[in-house]
Amino acid sequence: MGPYQFPDNSRRRIPGLLYLIIAAGCVLLYVLANDTWAFVNEGWLWAAAALTVTAVICFTSGWRMTVKEVDALVAAQQALGFPVGHASAQQVWRGLRSRPTWRVLCYSIEDPPQRRGLVLVDAVDGRVVEQLVEDNPETWG
């Protein structure tokens with residue numbers, strides 16, 4: 001077993017393509033069978049419209065992640081300005097189009113840590129979106 005690999009958000013495009021194919025089938029069925037089959041009505045067009053909107057959302061939120069967890073940890077340490085001891089990263093999404101972002105929590109290298117920081121690193125282009133540095137308010141042992 002190797003390190004955990006986070007799945008790439010670009011996989012969201014696969015269901016988007018399936019939604020478009022089903023929407024095209026709904027429109028085709030409406031056009032070909034509207035006058036002959038009793039269960040084919042305008043509802044098929046409404047379903048096609050809803051599936052098309054869902055497909056557009058899938059396509060526009062299917063970002064390709066180019067920044068790995070290790071790269072996000074390095075970017076966070078550079079942004080904080082203090083030597084980092086313990087750190088952890090989570091993949092989160094932000095914004096209406098669900099842009100993937102690494103949320104990195106870092107503690108300074110002292111024992112016990114004197115400072116801590118929270119950094120948001122964009123998982124698409126690697127830029128630091130936000131950062132917060134403060135003295136560590138936690139009491140240790």
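**Helix, sheet and aromatic side chains**

User: At about what angle to strand 2 does helix 3 run where it lies across the strands?

Analyst: In this predicted model, helix 3 covers residues 69-80 and lies across strand 1, strand 2, strand 3 and strand 4. Strand 2 is the stretch 99-108, and helix 3 runs to this strand at about 55°.

User: In what order do the four strands of the open sheet lie, and which are the edge strands?

Analyst: The four strands form an open sheet with antiparallel pairing, and their order is 1-2-3-4. Each edge strand pairs on one side only, and this applies to residues 84-94 and to residues 128-135, that is, to strand 1 and strand 4.

User: By how much are neighbouring strands of this sheet turned against each other on average?

Analyst: The value is an average over neighbouring strands of the sheet, and it ignores their direction.

User: Which residue in the hairpin of strand 3 and strand 4 takes a positive phi?

Analyst: Strand 3, residues 115-122, and strand 4 run antiparallel and are joined by seven bridges. Along this pairing, arginine 115 stands opposite aspartate 135 of strand 4, while leucine 120 stands opposite glutamate 130 of strand 4. Five residues lie between the two strands of the hairpin, and the positive phi, near 85°, belongs to glycine 126.

User: Is the aromatic pair of tryptophan 37 and phenylalanine 39 stacked or edge-to-face?

Analyst: A search of the whole structure finds two aromatic pairs. In the pair of tryptophan 37 and phenylalanine 39 the ring centres are 5.4 Å apart and the planes are at 25°. Planes under 30 degrees apart count as stacked, and the pair is accordingly stacked.

User: Why is the pair of phenylalanine 39 and tryptophan 44 described as it is, and what is it called?

Analyst: The ring centres of phenylalanine 39 and tryptophan 44 lie 6.3 Å apart. Their planes stand at 55°, so the pair is tilted.

User: Which residues form the aromatic cluster?

Analyst: Tryptophan 37 has 44% relative accessibility and so counts as partly exposed, and tryptophan 44, at 26%, also counts as partly exposed. Together with a phenylalanine they form one aromatic cluster, made up of Trp37, Phe39 and Trp44.

User: How far from the ring centre of tryptophan 63 is the charged end of arginine 99?

Analyst: The charged end of arginine 99 sits over the ring of tryptophan 63. Its distance from the centre of that ring is 4.4 Å.

Note on methods. Residues numbered from 1 in each chain as written. Predicted model: local features only at pLDDT ≥ 70, side-chain atom pairs only at ≥ 80, totals over all residues. Heavy atoms only, no water. Pairing = 2+ DSSP bridges. Axes fitted to C-alpha atoms, helices over the stretch in contact; angles between N-to-C directions. Contact = heavy atoms within 4.5 Å. Phe/Tyr/Trp six-rings, centres within 6.5 Å; stacked < 30°, edge-to-face > 60°. Buried < 20%, exposed > 50% of the residue type's maximum accessible area, 1.4 Å probe, protein only. Lys NZ or Arg CZ within 6 Å of the ring centre and 35° of its normal.
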